[in-house]
Every structure is written in structure tokens, then in C-alpha cells.
Amino acid sequence: MRKFTFAVFAAVAAVTFFSCGNSTPKANLKSDVDTVSYAIGMAQTQGLKDYLVGRLDIDTAYMDEFIKGLNEGANAGDDKKKAAYYAGIQIGQQIANQMVKGINHELFGEDSTKTISLKNFMAGFISGTTGKGGLMTVDSAQIVAQKLMESIKAKTMEKEYGPNKAAGEKFLAENAKKEGVKTLDGGLQYKVIKEGNGAIPADTSRVKVHYEGRTIDGKVFDSSYKRGEPTEFRCNQVIKGWTEALVHMPAGSVWEVYIPQELAYGSRQQGQDIKPFSMLIFKIELIEVNPKKK
């Protein structure tokens, strides 16, 4: 689960304001201290307007209200009660403008008709902050949130990319009937292009391979052949479909492997070419098991 953190506003050098409200205090530069105070205040605003608009989503039509709050905050001094209130306002606005929007996008993608419950979010947020009245601990909340977010995200992705899943299932059902295609217990299919007679790797073995990967529509998304050199890795450091194929391949073999989406990337998108729930096809050439280090 991605963590959403609060933006920390850069501290502005303290200057004394002579009035409150939304008006701009009138500068009176009678001494060096007066002038340096004014200059520091002015200098500290570099990039502030862009920050307000770009990061805090402030509408510049309401700058008078921003100035009013700015004056009140600056004149509050070290009043701890007011400081707590202003911190609550700032964090509350970040919840509304950043956190909730970010969570909604992660859970529901581009579907703007769906949103989390702000009421329940705030109930959990306040209980976690105060340590009172919580229905679960913060640690258990992390676990619950992780599990349910993954479930909700998967449903959202399946609704949007369900046709990919259906297309892959149809392809595999038809492919299984073709001559030379074999199916392993986990659903992985393969066809032997060249039979090797070398060692068969374990899942912890390092292997040297050449490969080419393509989507169901034939688009090549990755190829060590095009790069001109094989690659090396441990068998259990790749997607499950690759691991499943490699631990059945004798070195020297070349297989065409048909990987169901659940043994590939599942509901995750990988780059621009591999959409969620996509089954993948690989030509895999197992060159060597546990190659010697150069």
C-alpha cells in the first residue's frame, strides 16, 4: 500500500505584522532592522505563489482569504492552542485535496463516480491520532487496509481490463488442443522447439537465457535477441510462469511458453505494452545453468 504523506510547508522567517485581517500591513522602514525584516519577508516568498497553486490547489481568486489566514497565523505567535488549530486546518485541507484524491485514484482508477467514505476515514484518522476509541490498532489497520485495497483495486482493474482476461483464457483453451503443446499442473503451457540434454535448474539456480516476449496480439515487448546478448538471473527472481518453465527445461532447450495472466503480472500493468490481466508468450532459450562468473 502506498503511503500518503503530508507536505511540509517551508517555514517563513518571522516578521512583525501591525494589523490583522486580510489587508497587507504597511511597511515603515525607519531602521536597518525594519528594512532587513521587510527584505527577508519579501525574499521568503520566492516560489510561494506557485506552491500555493500547484501543491495546495489554492484558487488565486481567494488570495484575500489566504492573506487573512496568514496574518492570523503569524500574529498568533507561540499560542499553542491556535497553533494546534491551524495545524489541523492545514492537514485537513491536505486530506481533502491530496490524500483522498490520491487514494480514490489508486482504488478506483479513472472512475470519478466512486470515492472512499470521508466520514469513516476521518473517524479512523482521528482515533489513530488521539489514540482513543479506535476499532483496531494502527498496526492492524495497516494490515486490513493493505488487504482490502488490493481486493478493491483488483475488482476495479478486472472491470476495466476484464476483456484481456477473457481473451487469454480463450487463447489458452484453444492452444491446449494444438499438436505439440503441453500443459503443466499450474496451467502453464509450452511447446518444445528444440530439446536440450543439459542440466535442469532448480528454482534457486542461476541461468543464462535468450528470450523474446510478446503479447497475445503478437507485439514484441522485450527481446534479449534484439539487445544482442543473453541475460542472467536466478530462476526465482522472475514471474512465476518463467520459474515454472525453467525448472522443467534441460539446458540447451528452446521452448515457446504460454503464460496465464495469474502466473505473469495479474492485475498489475507492466510498462506501456503489458496491460493488466494479460497472458504472455515467450520464446525461451536456456543456454546454461549456473554459469561460471567471468
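Serine 253 sits in the loop between α8 and β6. Helices (H or I, at least four residues) and strands (E, at least two) are DSSP runs, numbered from the N terminus. This is a predicted model, in which local features need pLDDT of at least 70, side-chain atom pairs count only at pLDDT 80 or more, and totals for chains, interfaces and linings use all residues. Residues are numbered from 1 along each chain as its sequence is written, and side-chain values use heavy atoms, with hydrogens and water left out.

**Serine 253**
- Serine 253 counts as buried because its relative accessibility is 0%. Buried means under 20% relative accessible area, exposed over 50%, and partly exposed in between (1.4 Å probe, protein chains only).
- Its side chain reaches the backbone oxygen of proline 250 at 2.8 Å.
- The side chain of serine 253 also reaches the backbone nitrogen of glycine 196 at 2.9 Å.
- Leaving aside neighbours within four places in sequence, serine 253 is in contact (heavy atoms within 4.5 Å) with Lys194, Glu195, Gly196, Ile284, Glu285 and Leu286.
- Glycine 54 lies 199 residues from serine 253 along the chain, and their C-alpha atoms are separated by 55 Å.

**Nonpolar cores**
- A nonpolar core is a set of buried Ala, Val, Leu, Ile, Met, Phe, Trp, Tyr and Cys residues joined through side-chain atoms within 4.5 Å.
- The largest one has 25 residues, and Val209, Trp242, Leu246, Val257, Ile259, Phe282 and Leu286 touch the most other members.
- At least two residues of this core come from each of β3 (206–215), α8 (240–246), β6 (254–259) and β7 (280–289).
- β7 gives the largest share, five residues.
- A second, separate core has nine residues, including Val100, Leu107, Ile116 and Phe121.

**Asparagine 104**
- Asparagine 104 is in helix α4.
- Asparagine 104 counts as buried because its relative accessibility is 14%.
- Its side chain reaches the backbone nitrogen of isoleucine 116 at 2.9 Å.
- Not counting residues up to four places away in sequence, asparagine 104 touches Gly109, Lys114, Thr115 and Ile116.

**Helices α4 and α6**
- The axes of α4 (residues 80–108) and α6 (residues 138–175) come within 7 Å and cross at roughly 60 degrees. Axes are lines fitted to C-alpha atoms, for helices over the stretch in contact, and angles run from 0 to 180 degrees between N-to-C directions.
- The two helices, α4 and α6, are therefore oblique to each other. Angles under 35 degrees count as roughly parallel, over 145 as roughly antiparallel, 65 to 115 as roughly perpendicular, and the rest as oblique.
- Glu106, Leu107 and Phe108 in α4 meet Met149, Ile152, Lys153 and Thr156 in α6.

Methods. A polar contact is a pair of N or O atoms within 3.5 Å; within protein, one must be able to donate a hydrogen and the other to accept it, and residues adjacent in sequence count only if both atoms are side-chain atoms.
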